[in-house]
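This report covers salt bridges, a pocket and a set of paired strands. The model is shown below.

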Amino acid sequence: TKLLEDRRGCLWIGSKRGVFAYDVKQKRLVDSFNDIGHVTGIEEDWNGDVYISTMDKGLYVWRYNQKLEGYPVDLKISCMSVALDGVVWLGTIEGGVYSYDMENNLWKDYNKACGLNGDQINQITVDEYNHVWIGTNQRLIEINPKNNAIQIYSTLDETILLDRFLPTTMCTTTDGCIYWG
């Protein structure tokens, strides 16, 4: 299950069958999309558009006061994040990382650059500097898309006091700090 409370006070609830939008203030269901499949991510961009990733039916964007737009993708998406520049970052079950610039319909594959070896991508997020953080069970990978610099943090490193990173233990605080567990 994925949850997002958008800036208008609408609670987006993602499930294995679709996504539902619930107006918390009015205490009523305002929208439901039952036919989009297993929801793996829900994000809101700076413009108030809501992005939804699914395991088997691609990406969707709900633009404020408009219908849901579908973007079919032949990937098994496990997680998603939307950068400040509008680029959508996707992680897959097969261990892939991709960026998608919807405005220019431009895809970029980061698998080789990140040295990914097939580990499922559990979490992906973009920080205030537009750096992309990717989490697998054994590694955190930081990408700077401006210069393609990549930094890898591994559980094998003595400075990381964990044996593995847990799949759902990433949190970004209101001051921009990202915590992994």
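## Salt bridges

Arg8 is partly exposed, because its relative accessibility is 27% (buried is under 20% relative accessible area, exposed over 50%, partly exposed in between, with a 1.4 Å probe and protein chains only). Its side chain meets that of Asp6 in a salt bridge, at 3.6 Å from N to O; a salt bridge is a side-chain nitrogen of Lys or Arg within 4 Å of a carboxyl oxygen of Asp or Glu. Asp6 has 4% relative accessibility and therefore counts as buried. The model is predicted: local features need pLDDT of at least 70 and side-chain atom pairs pLDDT 80 or more, while totals for chains, interfaces and linings use all residues. Residues are numbered from 1 along each chain as its sequence is written, and side-chain values use heavy atoms, without hydrogens and water.

The count of salt bridges is four. In one of them, the closest N and O atoms of Arg7 and Glu44 are 3.0 Å apart. This pair links distant parts of the chain, 37 residues apart: Glu44 lies in strand β5 and Arg7 in the loop between β1 and β2. Strands (E, at least two residues) and helices (H or I, at least four) are DSSP runs, numbered from the N terminus. Glu44 is buried, at 18% relative accessible area. Arg63 and Glu69 form another bridge, with 3.3 Å between the closest N and O atoms. Shared partners join Asp49, Arg63 and Glu69 into one network.

## Largest pocket

The largest pocket has a volume of about 540 Å³. Among its 26 lining residues, Ile42, Glu43, Glu44, Met80 and Ser81 are the closest to its centre. β1, β5, β9 and β13 each give two or more residues to the lining.

A pocket is an open set of points on a 1 Å grid over the protein atoms alone, where a 1.4 Å probe fits, with protein on both sides within 12 Å along at least five of seven lines; lining residues have an atom within 4 Å of a point. Its volume is the space filled by probe spheres set on the points, which are joined across faces, edges and corners.

β13 and β14 run antiparallel and are joined by four bridges; strands pair if DSSP finds at least two bridges between them. Ile134 in β14 is the bridge partner of Ile124. Five residues lie between the strands of this hairpin, where Asn130 takes a positive phi near 70°.

β14 also pairs with β15 in the antiparallel sense, over four bridges. Val132 stands opposite Ile143 in β15, and three residues separate the two strands of this hairpin.
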